Amino acid sequence: MKNLLLAIFSLFIAGAVWAQGVRPEHSGAWYNPNQSGHGLSVEVIAPDRAVAYWHAFDPLGDPLWLYIDGQIDGNVIRGEAYTVEGMTWGVFDPGTRNVQPWGTVDIAFTGCHAAELSWNSLFPDYGEGQLPLARLTAIHGLACHDETDALLGYYDVLWTETESGASHSGT
């Protein structure tokens with residue numbers, strides 16, 4: 001019975017988070033703790049628009065950077081992903097830049113500290129899939145709180161520099 005009540009309560013909380021939608025507080029760095037080494041930088045730039053930069057690796061192991069131009073729909077950032085090739089380090093020549101559509105990406109936020117990334121690539125080597133994400137960093141001054149914080153054990157930490165080093169306090 002206790003597990004059933006907890007499950008119902010969790011669904012209620014998830015519904016409350018869903019109703020809140022994507023907010024500026026969701027901006028920051030996100031990653032999958034089981035696959036450290038690549039992740040996303042998310043920026044909510046308007047009530048209905050966000051951009052994300054997915055730092056990943058291609059099938060050969062080379063770094064891959066995807067730009068996602070996203071529209072906000074409830075708790076999801078949904079958009080087209082693009083890859084850029086051709087510019088050489090130290091030489092800025094826009095004529096050598098090649099922007100290619102890569103596929104579609106959805107970032108569904110289930111709270112302030114959790115999300116799920118789903119993709120469907122135009123390239124068979126990447127295919128489609130999904131990946132759970134956790135918050136890695138947040139934007140200073142944009143504290144994100146939701147009803148799941150207490151359940152998941154999250155709290156805000158304030159870091160301050162002192163002469164003897166860094167200290168922190170939590171709420």
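1. A closed barrel of eight strands runs in the order 1-2-3-4-5-6-7-8, with antiparallel pairing, and the twist from one strand to the next averages 30°. Strands are DSSP runs of E with at least two residues, helices are runs of H or I with at least four, and both are numbered from the N terminus; two strands pair if DSSP finds at least two bridges between them. Axes are lines fitted to C-alpha atoms, for helices over the stretch in contact, with angles from 0 to 180 degrees between N-to-C directions.

2. The model is predicted: local features need pLDDT of at least 70 and side-chain atom pairs count only at pLDDT 80 or more, while totals for chains, interfaces and linings use all residues. Residues are numbered from 1 along each chain as its sequence is written, and side-chain values use heavy atoms, with hydrogens and water left out.

3. The secondary structure of the chain comes to two helices and ten strands, and from the N terminus on the elements run α-β-β-β-β-β-β-β-β-α-β-β. Of the 171 residues in the chain, 30% are buried, where buried means under 20% relative accessible area, exposed over 50% and partly exposed in between, with a 1.4 Å probe and protein chains only. Among the contacts (heavy atoms within 4.5 Å) with a separation of 6 or more, 39% come from residues 24 or more positions apart.

4. Around strand 3, the pairing can be followed on both sides. Strand 2 (residues 39–46) pairs with strand 3 in the antiparallel sense over seven bridges, and W54 in strand 3 is the bridge partner of L40. Strand 3 also pairs with strand 4, again in the antiparallel sense, over nine bridges, with V51 opposite D69 of strand 4; the hairpin of these two strands has five residues between them, and G61 takes a positive phi near 95° there.

5. Strand 4 continues to strand 5 (residues 76–85) through eight bridges, the two running antiparallel, and I68 stands opposite A81 of strand 5. The hairpin of strand 4 and strand 5 has two residues between the strands, and in this hairpin G74 takes a positive phi near 65°. The covered face of strand 4 holds L64, L66, I68, G70 and I72, whereas P63, W65, Y67, D69, Q71 and D73 form the uncovered one.

6. Which residues line the second largest pocket? The lining consists of Q35, H38, W54, A56, F57, L64, L66, W102, W119, Y126 and L131, and the pocket has a volume of about 170 Å³. Strand 3 (49–57) and strand 4 (63–73) each supply at least two lining residues, with the largest share, three residues, coming from strand 3. By class, nine of the lining residues are nonpolar, two are polar and none is charged. On a 1 Å grid over the protein atoms alone, a pocket is an open set of points where a 1.4 Å probe fits, with protein on both sides within 12 Å along at least five of seven lines, and lining residues have an atom within 4 Å of a point. Grid points are joined across faces, edges and corners, and the volume is the space filled by probe spheres set on the points. Ala, Val, Leu, Ile, Met, Phe, Trp, Tyr, Cys and Pro count as nonpolar, Asp, Glu, Lys and Arg as charged, and the others, Gly among them, as polar.

7. Q130 lies in strand 8 (residues 128–135) and is exposed, with a relative accessible area of 53%. Leaving aside neighbours within four places in sequence, Q130 is in contact with E116, L117, S118 and W119.
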